[in-house]
Amino acid sequence: MNANINIVESITRIDNLPSLPAVVAEILRLSRSDDVSMEQLADVIQTDPALAAKLLRLVNSSLFGLSHEITSIRQAITLLGLRTVEMVAVGFALADAIGTRIDGGFDYEAFWRRSLATAVVARMLARKAGLGLAEEAFVAGLVTDLGMVAIWQGAPEIHKAIEELRTQTGRDTTEIETDLLGLTHARIGGDLLRRWELPDAICAAVSAHHGEELALLEGDSLALANVVHCAACVADVFCQEPDADALDRASAKCIERTAVDPDQLHELLRLVETHVRETAAMLSVPIGQMPDYTAMLDAAAEA
Ligand SMILES: [Fe+2]
């Protein structure tokens with residue numbers, strides 16, 4: 001066990017992270033109540049006009065694929081349902097809060113490219129597989145790598161060492177984290193979200209997004225965690241140079257674990273880049289270069 005207790009304590013201190021935005025805390029409180037009304041939720045979201053505007057842009061984007069424009073939060077709630085709007089609002093507000101803490105020394109573009117790819121792929125996989133947890137999948141995807149931000153905030157020298165070892169050796173990030181810290185960014189992120197009192201299934205999916213801890217889950221939590229784990233594998237493929245073998249492995253995992261068929265998966269992968277770019281524009285975060293699916297298929301054909 002190489003974990004340095006002091007380092008782990010400094011990483012997992014909640015004050016390394018932004019305080020939970022008041023609007024998110026209030027939305028989460030409403031989501032736990034049985035008799036929340038459309039008006040109550042709309043009023044809370046509209047206390048943050050920037051959040052309300054981003055939420056409307058998202059529901060009008062190609063990710064949602066609606067046939068006519070939604071112009072108000074109330075209309076969004078009527079059409080999409082309370083839970084969908086709650087979850088999307090929470091996801092966007094959290095992404096905003098995390099983003100404001102990221103500055104020099106952290107690969108901002110790679111972080112958002114991977115987070116957004118995980119979010120949009122998880123949402124699409126959940127919908128294609130007929131799970132009723134598409135927005136939870138989106139939120140979990142957005143915050144999967146929150147633990148990396150925590151490591152960087154609490155122990156920047158450890159973050160730097162992990163990145164250097166990953167580049168030099170090609171080993172998995174989670175293996176290196178386990179060697180250096182005794183735990184992974186997945187576990188750290190899930191634990192932090194539990195302290196923020198996000199829904200249990202989202203926290204569990206974040207803890208399990210690299211495959212560890214999946215065996216501990218069952219029912220809806222397992223279904224959500226499987227989708228997020230598969231999405232994280234697909235996101236990795238979209239965040240590196242075109243790699244036909246990596247694409248094959250991620251595709252096989254999606255088909256085996258989420259009941260999406262190969263044709264559905266092919267259609268879904270064709271849309272990833274567009275959805276990621278749209279969502280990045282809404283959140284005003286840079287994502288840098290992103291290989292598209294066609295380029296990956298071309299690389300596979302040439303291999
Ligand atoms: Fe991760």
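I take helices and strands to be DSSP runs, helices of at least four residues and strands of at least two, numbered from the N terminus.

**Entry 1: the model.** I note at the outset that this is a predicted model. I looked up the confidence and found that the protein chain averages a pLDDT of 87, with 95% of the residues scoring at least 70. Among the elements, I recorded the lowest mean pLDDT, 73, for helix 1 (residues 5-11). The highest, 95, belongs to helix 13 (residues 200-207).

**Entry 2: elements and overall form.** I counted 17 helices and zero strands in the protein chain. The radius of gyration is 19 Å, close to the 19 Å that the globule rule gives for 303 residues, so I record the chain as being as compact as a globular protein of that length. Along the principal axes, I find that the C-alpha trace spans about 55 × 50 × 40 Å.

**Entry 3: burial and contacts.** I looked up burial next: 45% of the 303 residues count as buried. Of the contacts with a separation of 6 or more, I note that 66% are made by residues 24 or more positions apart.

**Entry 4: the core.** Which residues have the most contacts inside the largest nonpolar core? I found Leu55, Ala122, Leu125 and Val227, in a core of 99 residues. Helix 14 (residues 219-238) supplies the largest share of this core, 13 residues. I recall that nonpolar side chains tend to be buried together in soluble globular proteins.

**Entry 5: Leu125.** I then followed Leu125, leaving aside its neighbours within four places in sequence. I list its contacts as Val227, Cys230, Ala231, Cys254, Thr258 and Val260.

Key
Residues are numbered from 1 along each chain as its sequence is written. This is a predicted model: local features need pLDDT of at least 70, side-chain atom pairs count only at pLDDT 80 or more; totals for chains, interfaces and linings use all residues. The radius of gyration is taken over C-alpha atoms; the globule rule is 2.2 Å times the number of residues to the power 0.38. A residue is buried if 20 or more other C-beta atoms lie within 10 Å of its own, exposed if 12 or fewer, and partly exposed in between; C-beta atoms are placed from the backbone. Two residues are in contact if their C-beta atoms, placed from the backbone, lie within 7 Å. A nonpolar core is a set of buried Ala, Val, Leu, Ile, Met, Phe, Trp, Tyr and Cys residues joined through C-beta atoms within 7 Å. pLDDT is the predictor's confidence in each residue, from 0 to 100.
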